[in-house]
Amino acid sequence: FNSGSGVGFDPVQPEESEKCTELRDRVKDVMYDAFLEKYGGERYTYERFLAARNNNIDKAEKMIKKAIEFRKQRNLDGEKSEEELEELDRIFKECEPHWFLKFWGYSKEGNLLTYASVKNVVLKDLLEIPEDHIKRFYLMMLDKAFTMQNYANTPPRKSSENSKWNGSIDVINLKG
C-alpha cells in the first residue's frame, strides 16, 4: 500500500483571505508541516476547514485542533517502524478485497473519481474483520484520497490561474 508519504506535492494555492490569516495565527502553536501537506498546502488547509464550518473562525479553529489531535494520536503523519508498516500492509490486504469503494482516476476537469458498488459486498465477510482493522483501513483510504487530490491540484495538471480546488466525484451504485 502506497500511502503517499514522502511524496512531495505543491498544490496551486488560492489567494489568502483575512480569515485564513487569522485562522493560521490561531493554530500556529499546534500546526505541523505534514498536516498542511496532507490537506493540500497551507492556504488550502485553512480554506478547507473554514468552508467546512461556514467561514466561522472559532469553529474552524476547534475543528483543526481536533483533527491534529486525532492524527497525532494515531500516528497518521509520523515516521512508522518496520513492524507498523508490516501491520498496515496486513490490514490493507485483509480489508481491501471486501471494500466497496475504488479510486478510478481523474475527470477531465481534474477531480478524483471514486466508484462504490454494494453489489458484491458480502456483509458476513466484512463483519468478520476486526473493527479496529476496518477503521484503520478507512483512514488509509482517506489519506490516499488526500494524496490523490493533492496530485490533481499541482502543476502541470493545474494552472496557477485556476485556484478552485479539485475535489472528488463519488459515484455510488446501490443497485444489486
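A salt bridge is taken here as a side-chain nitrogen of Lys or Arg within 4 Å of a carboxyl oxygen of Asp or Glu, and by that criterion the side chains of Glu131 and Lys135 meet in a salt bridge at 3.3 Å, N to O. The model is predicted, so local features need pLDDT of at least 70 and side-chain atom pairs count only at pLDDT 80 or more, whereas totals for chains, interfaces and linings use all residues. Residues are numbered from 1 along each chain as its sequence is written, and side-chain values use heavy atoms, with hydrogens and water left out.

**Fold**
- The protein chain has 7 helices and 3 strands, defined as DSSP runs (H or I, at least four residues, for helices; E, at least two, for strands) and numbered from the N terminus.
- Of the 176 residues of the protein chain, 36% count as buried, where buried means under 20% relative accessible area, exposed over 50% and partly exposed in between, with a 1.4 Å probe and protein chains only.

**Salt bridges**
- The whole structure holds 11 salt bridges, one of which joins Arg24 and Glu42 with the closest N and O atoms 3.5 Å apart; Arg24 lies in helix α1 (residues 18-27) and Glu42 in helix α3 (residues 42-52), so this pair ties together parts that are 18 residues apart in sequence.
- Glu131 and Lys135 both lie in helix α7 (residues 131-152), 4 residues apart, about one turn of the helix, and Glu131 is exposed, with a relative accessible area of 55%.
- Salt bridges that share partners join Glu22, Arg26, Asp58, Glu61 and Lys65 into one network.
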